[in-house]
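Hi,

Here is the model I promised to pass on to you. Have a look at it first, and then read my notes.

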Amino acid sequence: MSPSPDSSLFLLSRVSSTFEQRFGRAPRLVARAPGRVNLIGEHTDYNDGFVLPCAIDFQTLVAASPRGDGLVRVHAADIGPQAFDEFRLDQPISRRDDAPWTHYVRGMVQTLLAEGWPLGGADLVLAGDLPQGAGLSSSASLEVAVGQAFKSLYGLERLPAVELARLAQQAENQFVGCRCGIMDQLISACGEAGHALLIDCRSLATRPVPLPPELAVLIVHSRVQRGLVESEYNLRRQQCEAAARHYGVAALRDLDLERLERDRTGLDALSWRRARHVVSENQRTLAAAQALEKHDLAGLGELMAASHASMRDDFEITVPAIDRLVALLQSVVGQQGGARMTGGGFGGCVVALMPEALVGPARAALAQHYRAPSGEPATVYLCRPGAGAGLLDSAALAPLR
């Protein structure tokens, strides 16, 4: 499935009408932030490396109005009528472990306040169409959308999109407790329609990379729920940091394959393989951006295949169902694109890039030849590279009031 203009309008209508029902007035504005899919560059962001994601046309919306009393009230429309939270800006903002969804909102607000941004109270309603648990970064989308809502409510024009992304990452690291890199928040804040974004995760410099208009972005959910992601993610990060210390560099970004091999004595084999994935993945990511710019789909496919093999063999984050999906999609795509696992690993999704003419055959092959271990078929999302966070056009909102 793919979001349509009608489904986006329905989402806007739902978040706006829910706001009116909950708070008895129309929202002042509706902020949006997209999810993302990473085309190549996995587990490189927290190693100061390179990634190549694109924002997608699934998103989180936040309907918002200001309050003058320092109170923040939040309703999560997707969870249900009882999904409600409130907290004050003039009191310590703590975690609510009985409602984990609140951590992303509270963490974002606390981080903005801690950085000195002047905020006031707000009424918020959250809603989105990002598939939960699919690895399309619904958490970063929520953080960035909340930040965008407060930025717009309180005229924080000096808060650029890159800084908003950095603060959203800080909220997830320090308040939520996931030591993620910057990629998810940065592409959600800064994505460009029709483009992937080559991101240098050290400098936060970005370069738009156009995707050929005839190239489809197909995301396929394996229906294998991502198990052990948080603990294994943090373990992989520790292994990468240990390898960087061995080589005496600030991050694995600073190594090339020649030095990785030359100075490996004394580093355990497992940490060395983890490092080899990161170092080689950085090289593949830069090469993939060049391949896209040259419309070299065969070269892009080879790089995506090598990326998947490295995640499977060196970083050990794939599962058999994901490996089968990649092989199945690659058999359809041939030399006209590629497929690889995307996201943190241990289940979740595969991304495939292919000419639109092959989307039908790919769907047919998936329906005929793939079932998850539970017996479920794959879920397919056809996406377009979309724009980053912002406000919905007031003209689109006006007819709904």
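Below is what I found, going from the whole chain to a few single residues.

A word on the ground rules: this is a predicted model, in which local features need pLDDT of at least 70 and side-chain atom pairs count only at pLDDT 80 or more, while totals for chains, interfaces and linings use all residues. Residues are numbered from 1 along each chain as its sequence is written, and side-chain values use heavy atoms, with hydrogens and water left out.

The overall fold comes first. The chain has twelve helices and twelve strands, both being DSSP runs numbered from the N terminus (H or I of at least four residues for helices, E of at least two for strands). Its radius of gyration is 21 Å, close to the 21 Å given by the globule rule for 401 residues, so the chain is as compact as a globular protein of that length. That radius is taken over C-alpha atoms, and the rule is 2.2 Å times the number of residues to the power 0.38. Along the principal axes, the C-alpha atoms fill a box of roughly 60 × 50 × 40 Å.

Of the 401 residues, 58% count as buried; buried means under 20% relative accessible area, exposed over 50%, and partly exposed in between (1.4 Å probe, protein chains only). Taking contacts (heavy atoms within 4.5 Å) between residues at least 6 apart in sequence, 73% join residues at least 24 apart.

Next, the cysteines. The structure holds zero disulfides, a disulfide being a pair of cysteine sulfur atoms within 2.5 Å. For Cys190, the nearest cysteine sulfur is that of Cys201, 12 Å away. Cys190 is buried, at a relative accessible area of 17%. Cys240 is buried too, at 0%, and its sulfur lies 13 Å from the closest cysteine sulfur, in Cys201, which is too far for a bond.

Glu376 sits between helix H11 (359-369) and strand E11 (379-383), and is partly exposed, with a relative accessible area of 30%. Which residues does Glu376 contact, leaving aside its neighbours within four places in sequence? They are Arg223, Tyr370 and Arg371. Glu376 and Arg223 are 153 residues apart in sequence, yet their C-alpha atoms are 6.8 Å apart in space.

Best wishes
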